[in-house]
Amino acid sequence: MTSTTDTHRWRTIDIVVASVIAVAFGVIFWAWGLVWSATEGAFTFFPPAQALLYGVWLMPAVIGGLVIRKPGAALYCETVAAVLSALLGSQWAGTVIPQGIVQGIGAELAFAAFRYRSFRLPTAVLAGALTGLSAALFDFFIWNVDYELTDYRIPYALITIVSATVIAGAGGWLLTKALANTGVLDRFPAGRDRALV
């Protein structure tokens, strides 16, 4: 019988694949920052609505948790992606690193709540929502502190959570399922449980 400690121990392949996920999203983060800047004008009618785009920055936390299925995977993927985006020259500089840590913790809490045993859509959606909540809280107190509370900060926070729930949560689950169906995740439970992802 395999102990919980054994099933939670990281293998070399776990580290490699988690790193690949993180690096890929680190590049996406950097590019998404350019998209964010380029779309600011499109949201002048209601600036907090730009947070609809936020969920992309939270995907590695959910996908890392769904693929690796071990404690720390969500935190690792989100943090490494944030570090890489900072190294690539994110317009928010090094502040994205603690931000990535906070966001990764949000998703990690969702997987931990199910003792790293549930990786179905509801768990992914919860991970997306919690990473969105952690992102919203970080922004509320760090990036948006000088903005008006009811006209900007609260709507921005709520839209961030919705975006994370849909894009990072449901979208991350769908992307993981699509990857599993290609066979690239066959060395992981996500690949072996294709119907259950």
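The structure holds eleven aromatic pairs. Rings of Phe, Tyr and Trp (its six-membered ring) pair if their centres lie within 6.5 Å; planes under 30 degrees apart count as stacked, over 60 as edge-to-face and the rest as tilted. This is a predicted model, in which local features need pLDDT of at least 70, side-chain atom pairs count only at pLDDT 80 or more, and totals for chains, interfaces and linings use all residues. Residues are numbered from 1 along each chain as its sequence is written, and side-chain values use heavy atoms, with hydrogens and water left out.

**Aromatic rings**

- A pair of aromatic rings is described by the distance of the centres and the angle of the planes.
- Tryptophan 36 and tryptophan 57 form a tilted pair, 5.2 Å centre to centre with 50° between the planes.
- This pair links distant parts of the chain: tryptophan 36 is in helix 2, tryptophan 57 is in the loop between helix 2 and helix 3, and they are 21 residues apart. Helices (H or I, at least four residues) are DSSP runs, numbered from the N terminus.
- Are the two tryptophans buried or exposed? Tryptophan 36 is buried, at 8% relative accessible area, and tryptophan 57 is buried too, at 11%. Buried means under 20% relative accessible area, exposed over 50%, and partly exposed in between (1.4 Å probe, protein chains only).
- Tryptophan 57 also pairs with tyrosine 54: the ring centres are 5.6 Å apart and the planes stand at 80°, so this pair is edge-to-face.
- Tyrosine 54 is buried, with a relative accessible area of 3%.
- One aromatic cluster is formed by Trp36, Tyr54, Trp57, Trp92, Tyr147, Tyr152 and Tyr156.

**Charges over rings**

- Arginine 153 lies over the face of phenylalanine 140, at 3.9 Å from the ring centre.
- Arginine 11 lies over the face of phenylalanine 188, at 5.2 Å from the ring centre.
- A charge sits over a ring if NZ of Lys or CZ of Arg is within 6 Å of the ring centre and within 35 degrees of the ring normal.

**The largest pocket**

- The largest pocket has a volume of about 500 Å³. A pocket is an open set of points on a 1 Å grid over the protein atoms alone, where a 1.4 Å probe fits, with protein on both sides within 12 Å along at least five of seven lines.
- Which of its 23 lining residues are closest to the centre? They are Trp36, Trp57, Trp92, Asp139 and Tyr156. Lining residues have an atom within 4 Å of a point.
- Helix 2, helix 4, helix 5 and helix 7 each give two or more residues to the lining.
- Helix 5 supplies the largest share, four residues.

**Helix 3**

- Helix 3 (residues 59–68) is mostly covered, with ten of its ten residues buried.
- Its buried residues pack against helix 2 (12–38), helix 4 (73–87), helix 5 (96–113), helix 6 (121–141), helix 7 (149–182) and helix 8 (189–192). Contact means heavy atoms within 4.5 Å.
- Just after helix 3, arginine 69 takes a positive phi of about 60°.

**Record and chain**

- An unreviewed UniProt entry lists residues 12–31, 51–68, 123–142 and 154–175 as "transmembrane region".
- Residues 12–31 are 100% helix and 0% strand, with the end C-alpha atoms 29 Å apart.
- Residues 123–142 are 95% helix and 0% strand, with the end C-alpha atoms 28 Å apart.
- Alanine 38 is in helix 2 and counts as exposed, at 67% relative accessibility.

Definitions and conventions. UniProt positions are given in the numbering used here, feature names are shortened, and annotations may be inferred rather than shown by experiment. Grid points are joined across faces, edges and corners, and a volume is the space filled by probe spheres set on the points.
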